[in-house]
Amino acid sequence: MKKFFVTTPIYYMNGEPHLGHYYSTTLADVFARYYSKTENGSFFLTGTDEHGQKVADKAQSLGKSPQIFVDELALSWQNLWDKLGLKYDFFIRTSNTKHKLFAQYILQKLKENYAIYEKKYDALYCVGAESFVTKSELREGGLCPDHDEEPQIISETNWFFKLSEYKLKVKELIEKDIIKIQPKSRKNETLELLMNDDLGDFSVTRQNVEWGILVPFAPDQTIYVWIDALFNYMSAVVISKNIDFEKLSIQELIQEISDIWTPDLHIIGKDILKFHAIYWPAFLLALGLDENQLPKKILVTGMFVSEGRKMSKSLGNTIFPQDVITEFESLVGFERANEVLRFFVISEMKIGNDGDITLERVKEIYEKELANKVGNTFSRVVGMAKKYDMLGERLNQENYHKFEIEISQIIDNYFEQSDIYSVSKFLLEKLAEIAREIEEIKPWELYKENKLEELEKYLSKWLSLLEIYTEKFEIIMPNTAESMKKLIKAKEEGLSIFPKNI
Ligand code: MSP
């Protein structure tokens, strides 16, 4: 019985969570809620990436020690996720002592397996990306293509990972979809990257980065922040199960965590594809893991932009979840206002595409989809059932069951493809279908003509369908689904789940 293991990236502790971070955490929450209802349950992991130059620089600019800085910030992230009802099972912080010991244990194992070696080298390093860059990757003016920063020149003796030894195997695993990368364009991008000769062995330790985990066999160096970070996916499981790992072999360790390991779904942004699709499986292979012990799927999201431009502090166009939630709070309360945003990020674009977010656009979607389609259909059906005093009636068990199975199969299939955008579109279309049928059937005329049996037949069908859709909406909008249930049960007319006056 292995749980469905879903992860978010762990977030750099150098600022407050914005919409991009909210997006990946919300997607993971939707998957976790869906799989928690399946037989084996789910394990949802998120957390914070607290080491490296970028975090140390930020702490220093505020005149704080890195540890105090990350302690305060990580707490505020965790509090926000809690307030937003994101139901993670474990929150990993990489400055946690056990995580540090675990990262050291891993480095030791890589050394024992001869997967790393010592070498003097000169290279360019972009702190924004916490990554080495090659000359050919630089933009005009010698800037990092993603971060607009001039890379540092580094000349050090470090420990190097033999990526060259694992590249072919990683390529084969990706080609055969043993590690599935979705969408396909990102799979192709990874395969192209793997063909590039520039992608060779790389340094996994650093000499002049103090804010990091000490290398156990080279105490003048710290572990490269990306190794420390990627292994959160394993250390978190080990820590959550309280496993005494130090004396275990890697295979013994994997046995101990086999009710959760391996990751079924890594949700990541397209900017961190190389680390997850190439470095991460290569490290795991170097530790001796076999094909069945590697991550199953990497789901790569696009970016949220604002008014067509990448969100950035310097442009001042960063959108924070609270900015949107506040706009809807007086209408539907905090929890459900959050679900307006949750619905928006899920329904605005297919996973993998970029999306634009402005407050106007969220309001438009609220009006068009939530108020007019969802709210209206619920109010109309319940209102009529009440008016004609037919609220107590339901479809017979057999028919209800038939509908439920059909709808569940379609939704299960979308989840199988990790396509929650289509789940949302499907449910909206189903509600629109009821709305169309109401217009066609004209229940008010059936009532006038005293065709009560026929009227009751339709109303019971619509009510039953709404009950089934409510169950499914629970994954996307849990609190709203509660309101839907209450509305169906309520013996009142005129109630609305999504009031219109914004
Ligand atoms: N710490 C690394 C991840 C280590 S995972 C082992 C990191 N952190 S991050 O905070 O910079 O970014 C975390 C995630 O947020 C990434 O997947 C990134 O793509 C995502 N987003 C950051 N800005 C975003 C948008 N504007 N839109 C959508 N997602 C974005 O990278």
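## Exercises on a two-domain model

In this predicted model, domain 1 and domain 2 together bury about 980 Å², and 61% of that area lies on carbon and sulfur atoms.

**Exercise 1.** Describe the contact between domain 1 and domain 2, beginning with the bounds of the two domains and ending with the residues that domain 1 brings to the side that touches domain 2.

*Solution.* Begin with the bounds: the domain assignment places domain 1 at residues 4-301 and domain 2 at residues 358-488. Next, take the centres over C-alpha atoms, which gives a separation of 42 Å between the two domains. Then count the residues in contact, of which domain 1 supplies 11 and domain 2 supplies 10. On the side of domain 1 that touches domain 2, α1 (19-36) and β14 (297-301) each supply at least two residues, and α1 gives the most, with 6 residues. Sorted by type, the residues of this side comprise 7 nonpolar, 1 polar and 3 charged.

**Exercise 2.** Which residue forms a salt bridge with Lys37, and how far apart are the closest N and O atoms?

*Solution.* First, apply the rule to the interface of domain 1 and domain 2, where it finds 1 salt bridge. Next, examine Lys37, whose partner is Glu474, with the closest N and O atoms 3.1 Å apart. This distance of 3.1 Å can then be set against the cut-off of the rule, which asks for a side-chain nitrogen within 4 Å of a carboxyl oxygen.

**Exercise 3.** Where in the chain do Asp354 and Lys270 lie, given that their side chains meet in a salt bridge?

*Solution.* Asp354 lies in the loop between α12 (334-348) and β17, whereas Lys270 lies in the loop between β13 (265-269) and α10 (273-286), so that the pair, 84 residues apart, links distant parts of the chain.

**Exercise 4.** In what order do the 3 strands of the open sheet that contains β17 stand, and which are its edge strands?

*Solution.* The order is β16-β15-β17, with mixed pairing. The edge strands, each pairing on one side only, are β16 (309-310) and β17 (355-356). Finally, strand β15 (residues 304-306) runs parallel to β17 and is joined to it by 2 bridges, with Val305 standing opposite Asp356 in β17.

Definitions and conventions. Residues are numbered from 1 along each chain as its sequence is written. This is a predicted model: local features need pLDDT of at least 70, side-chain atom pairs count only at pLDDT 80 or more; totals for chains, interfaces and linings use all residues. Side-chain values use heavy atoms; hydrogens and water are left out. Two strands pair if DSSP finds at least two bridges between them. Helices (H or I, at least four residues) and strands (E, at least two) are DSSP runs, numbered from the N terminus. Domain bounds come from an automatic or database domain assignment. Contact means heavy atoms within 4.5 Å. Buried area is the accessible area (1.4 Å probe) that two parts lose on being put together, summed over both. Ala, Val, Leu, Ile, Met, Phe, Trp, Tyr, Cys and Pro count as nonpolar, Asp, Glu, Lys and Arg as charged, and the others, Gly among them, as polar.
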